[in-house]
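Have a go at each one before you read its solution.

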Amino acid sequence: MNAFVEVSDLSVDFKTRNGVVHAVRGVSFSLMKGKTLGIVGESGSGKSVTSYALMRILDAAGFIAGGHIEFGGIDIGAATEAQMRDLRGREISMVFQNPRAALNPIRKVGRQIEDVLLQHLQATQGDAKEKAIDVLRQVRINNPEERYHAYPFELSGGMCQRIVIALALACKPQLMIADEPTTGLDVTTQKAVMDLMADLVRERNMATVLITHDLGLAAAYCDHLIVMKDGEVVESAPARALFRDPQHAYTRKLIRATPHGSAAIRDLLPEDLDAPAAPIAPPPGEPLLEVENLVKEYPMKSAATPKPGEAAATFRAVGGISFMVRRGESVGLVGESGCGKSTTSAMVMRLLDSTAGSIRFAGVDIGATPARKFASSQYRSKLQMVFQDPTDCLNPRFTARRSIADPLMRLGSQRGARAVNARVEELAALVGLPQHLLDRFPHQLSGGQKARVGIARAIAVDPELLVLDEPTAALDVSVQAVVLNLLVDLKARLAMSYLFVSHDLSVVRLLCDRVIVMKGGEIVEQGECEKVLTNPSHAYTRALIEAIPHPDF
C-alpha cells in the first residue's frame, strides 16, 4: 500500500549573513491515513522546520535545498504558490504551539472560523455562522453559540487551543500537523486536547504529524516515532519498540531525562555525566511562610449594578486557603489552569493585594503592607521569584550580566561596579552559566541558558523563600533535568525554601517534600508529596494523577 505522505531525503537551508545554515539534512519518513507520526527531539533539532517545509511556509530566508515531498500524489516541491494556498487549511492544516499567538486578538473566534470556511468555499455567507458553531461543537466546546462571540483573551489557554484545533479541522483536512499542541497546558487539559485530537483523527481517518519534546505524550498517542538531532533523523521505529529498546545514545538520553516512575532526581541526568550524589537536605525547621484564610475576589464586570444596600457581585479566585512553608522545605502547589495557583503565588510575593486573610513571613504580617509599597520593604529581598517563561521574563535590552546585576543594584549590599560584577560572576558560576555568555543578550542564549540567568537573578540577593512558577514548563526534557538538579543543589547549598507552582506532578514528586492540591480556588488536599501522589484521598487528585501519560519506558 502506497503511503499518503512520503518525504524522501529532505534538506532545508537558510541564507544568513554568516553563510548558509543547513537546518535539516536527509530527512525521510512515510505516513499512512489514520496513523500518527511523532517527531521528537530538542529545540533546534529541525522538527518544526521539517513541518514548515511540508506546508511550504518557510520564511523568506529558508528554502528546500533537496529531496522530495509527496502528499496524496501531489509533488509539494513543484506545486505553485496558488496551489499551496488552496491546499493549506483545506487539505493540510496545522495546530501551532502558542494558541493565543495563532489567533487574531481583535476578532471574535467564530468569525475567524468563518474566514477559513469562506476562504476555501466550504460555506456561504448565509450558512457560515451555523457551520462555525457546528465546528465549535465538534471540538467539544460548551455553549458554542455563546463562545462564537468570544474574543481570545476571554478564553482560557485550553479553550484557545480547542479553537485553534477547530480552525485546523474546519475544512476537514486529510493531514493535520500539530506543533507542540499542549505546551503550557495542565495535565487534565492536555489529556482532553490530545484525546479530542485522537478521536477526530480516528473518526475522519486523517494522517497526523505530532511534533513534541514530551516523550510521554509521544508514547501515548503516536504509532511511529522519528527522533531528530541537529537536523537529522537519528532513529526511526514504532513507538512501543523505540521506547522498549532505543538504539541511539541520543534517544536513550531523552528517555532517561523524562521524569517517570520511581526515578530519582539524579537519574534524569545523562549516563556519562559524573554528577555527585544528590545532597541530603536537613529536616525542615520552623515555619517561614504562614498563610491563613487567604481570599482574593474580583468584581464581576458583567454583573448588574447592585441596588443600594446590596453587595457587588464578585468572582472568588482564591477562597480562604491556609498553608505553611517551613525553613529548608520545598512545597509544591498544583492544580489545573484557573485553580488559583498563580493568584496565590502573586499574593505571597506581594505583587497582588489580598481581599482577606493574612500572610506572615518569618513571623511578620507582610500581607498588611500594600503591594504597591512592598518594593521598599526590608523583606522584598527575602522573597524572590523565578518566572515561567525564561524569554519573556528577561529585558531584551539587557545582557545576561546586566539582568543578574539588576537586583544587586536595587536591593543588594554590594557597592561599586567592581563589587557588583564580582558577585555576578560568582552567581553565574553557581548556576553553571559560562562566563563568556554573560555579555550576550537573551536572543543569543538557549532556553536552558536563559533559565539559568533567571535563577541567578532570583538568588542574587540571598532570598530565604523562592517562588518558582512553572520554571521548566517551556524547556526540553534534557535541559529540564539539568535545571531541576541545579535547583535541588542550590536549595541545599543556600538553605532556601521553595514554593514550587506547577501542573507537572512528575516534576513536583522529584523536587518537593510536601504538595498542596488546589481546585476552584480552594485546597482539596495537602500532605507529604510521596503519600499524596501515591495514595491520594481526594477524587480530584486522583484525576490529575490519572491524566499524566504513563509510557512503558
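A crossing is left-handed if the near helix is turned anticlockwise from the far one by less than a right angle, and right-handed if clockwise. You're looking at a predicted model, where local features need pLDDT of at least 70, side-chain atom pairs count only at pLDDT 80 or more, and totals for chains, interfaces and linings use all residues. Residues are numbered from 1 along each chain as its sequence is written, and side-chain values use heavy atoms, leaving out hydrogens and water.

**Exercise 1.** Work out how helix 11 and helix 16 cross.

*Solution.* 
- The crossing of helix 11 and helix 16 is left-handed.

**Exercise 2.** Find which residues of helix 11 and helix 16 meet.

*Solution.* 
- From helix 11, take Lys253, Leu254 and Ala257; they touch Val477, Ser478 and Ala481 of helix 16 (heavy atoms within 4.5 Å).

**Exercise 3.** Look for disulfides in the whole structure.

*Solution.* 
- The search finds 0 disulfides (pairs of cysteine sulfur atoms within 2.5 Å).
- Cys160 has its nearest cysteine sulfur, that of Cys339, 18 Å away.
- The sulfur of Cys529 lies 5.7 Å from the closest cysteine sulfur, in Cys512, too far for a bond.
- Cys529 is buried at 2% relative accessibility (buried means under 20% relative accessible area, with a 1.4 Å probe and protein chains only).

Conventions
Axes fitted to C-alpha atoms, helices over the stretch in contact; angles between N-to-C directions. Helix = DSSP H or I, 4+ residues; strand = E, 2+ residues; numbered from the N terminus. Buried < 20%, exposed > 50% of the residue type's maximum accessible area, 1.4 Å probe, protein only.
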